[in-house]
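Here is a short briefing for a reader new to this structure. Please look over the sequence and the model before reading on.

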Amino acid sequence: MPAKTKLAVVAEIKERFVDCPNVLLVDYRGLDVQAVSQLRRELRESGGDMVVYKNTLTQIAMRELALPSMEEMLEGPSAFVFAQGDPVTSAKVLANFAKENEALELKGGLVQSQVIDSAGLKALATLPSRDELLAKLLGTISNPARGMATVLSGSARGLVTALSALQEQKEAA
């Protein structure tokens, strides 16, 4: 019979996976405490949270939730980054931190119940964030309206210019 503490940890892991469908996986071996603290702080600012769980307990929780298996990634020390909302911002933080600290290894993750490998995680970090995409979409939507306003105001502006020139002409005569 499993220990109550292990059952409690499995329940906690399951709750985290249910609450957050975007989980990124890194190997933190070789990082000192100061670097890990800095990484956690940067992740918190981007809406992520880094936690370390035992790989076997995580595999049990994932099996019980019927999530895709990440067994090949769950070898060695693993830290789980639970990315609330947009996983791209947390992936960017991890990729930038990995550039500065070669000891941090990007393993992969689970994004919207899809397993991605380390190459997929690096590709995710290169994507524009949700906010950037929304800004581009808003700009694209507003451009035709701005163009229409310019065209419509051009006729009125031309009429005012013509009337002004006619008035100046009559005053000069």
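Predicted model: local features only at pLDDT ≥ 70, side-chain atom pairs only at ≥ 80, totals over all residues.

Residues are numbered from 1 along each chain as its sequence is written, and side-chain values use heavy atoms, with hydrogens and water left out. Helices (H or I, at least four residues) and strands (E, at least two) are DSSP runs, numbered from the N terminus.

- Five strands form an open sheet in the order 2-3-1-4-5, with antiparallel pairing. Two strands pair if DSSP finds at least two bridges between them.
- Strand 2 (48–52) and strand 5 (114–117) are the edge strands, and each pairs on one side only.
- From one strand to the next, the twist averages 20°. Angles run from 0 to 180 degrees between N-to-C directions, and axes are lines fitted to C-alpha atoms, for helices over the stretch in contact.
- Strand 4 (residues 105–111) and strand 5 run antiparallel and are joined by four bridges. Leu110 stands opposite Val115 in strand 5.

**Strand 1**

- Strand 1 (residues 22–27) is mostly covered, with six of its six residues buried. Buried means under 20% relative accessible area, exposed over 50%, and partly exposed in between (1.4 Å probe, protein chains only).
- In a regular strand the side chains alternate between the two faces of the sheet.
- Both faces of strand 1 are covered. Asn22, Leu24 and Val26 are buried on one side, and Val23, Leu25 and Asp27 on the other.
- Strand 1 pairs with strand 4 over six bridges, in the antiparallel sense. Asp27 faces Glu105 of strand 4 as its opposite residue.
- Strand 1 also runs antiparallel to strand 3, with four bridges joining them. Leu24 has Val81 as its bridge partner in strand 3.

**Helix 2 and its neighbours**

- Two packed helices are described by the angle between their axes and the distance between the axes.
- Helix 2 (residues 33–45) and helix 4 (residues 87–100) have axes that come within 10 Å and cross at roughly 155°.
- The two helices are therefore roughly antiparallel to each other. Angles over 145 degrees count as roughly antiparallel, under 35 as roughly parallel, 65 to 115 as roughly perpendicular and the rest as oblique.
- On the helix 2 side, the contact is made by Ala35, Gln38, Leu39, Glu42 and Leu43. Helix 4 brings Ser90, Val93, Leu94 and Phe97. Contact means heavy atoms within 4.5 Å.
- By class, this contact of helix 2 with helix 4 has six nonpolar, two polar and one charged residues. Ala, Val, Leu, Ile, Met, Phe, Trp, Tyr, Cys and Pro count as nonpolar, Asp, Glu, Lys and Arg as charged, and the others, Gly among them, as polar.
- Helix 2 also lies across strand 2 and strand 3 (79–83), running at about 140° to strand 2.

**Helix 4 and helix 5**

- Helix 4 packs with helix 5 (residues 118–126) at an angle of about 110°, their axes 7 Å apart. That makes helix 4 roughly perpendicular to helix 5.
- Pro87, Val88, Ala91, Lys92 and Ala95 of helix 4 meet Leu121, Leu124 and Ala125 of helix 5.
- By class, the contact of helix 4 with helix 5 has seven nonpolar, no polar and one charged residues.

**A buried glutamine**

- Gln59 lies in helix 3 (residues 55–64).
- Gln59 counts as buried, at 18% relative accessibility.
- Gln59 touches Glu71 and Leu74, not counting residues up to four places away in sequence.
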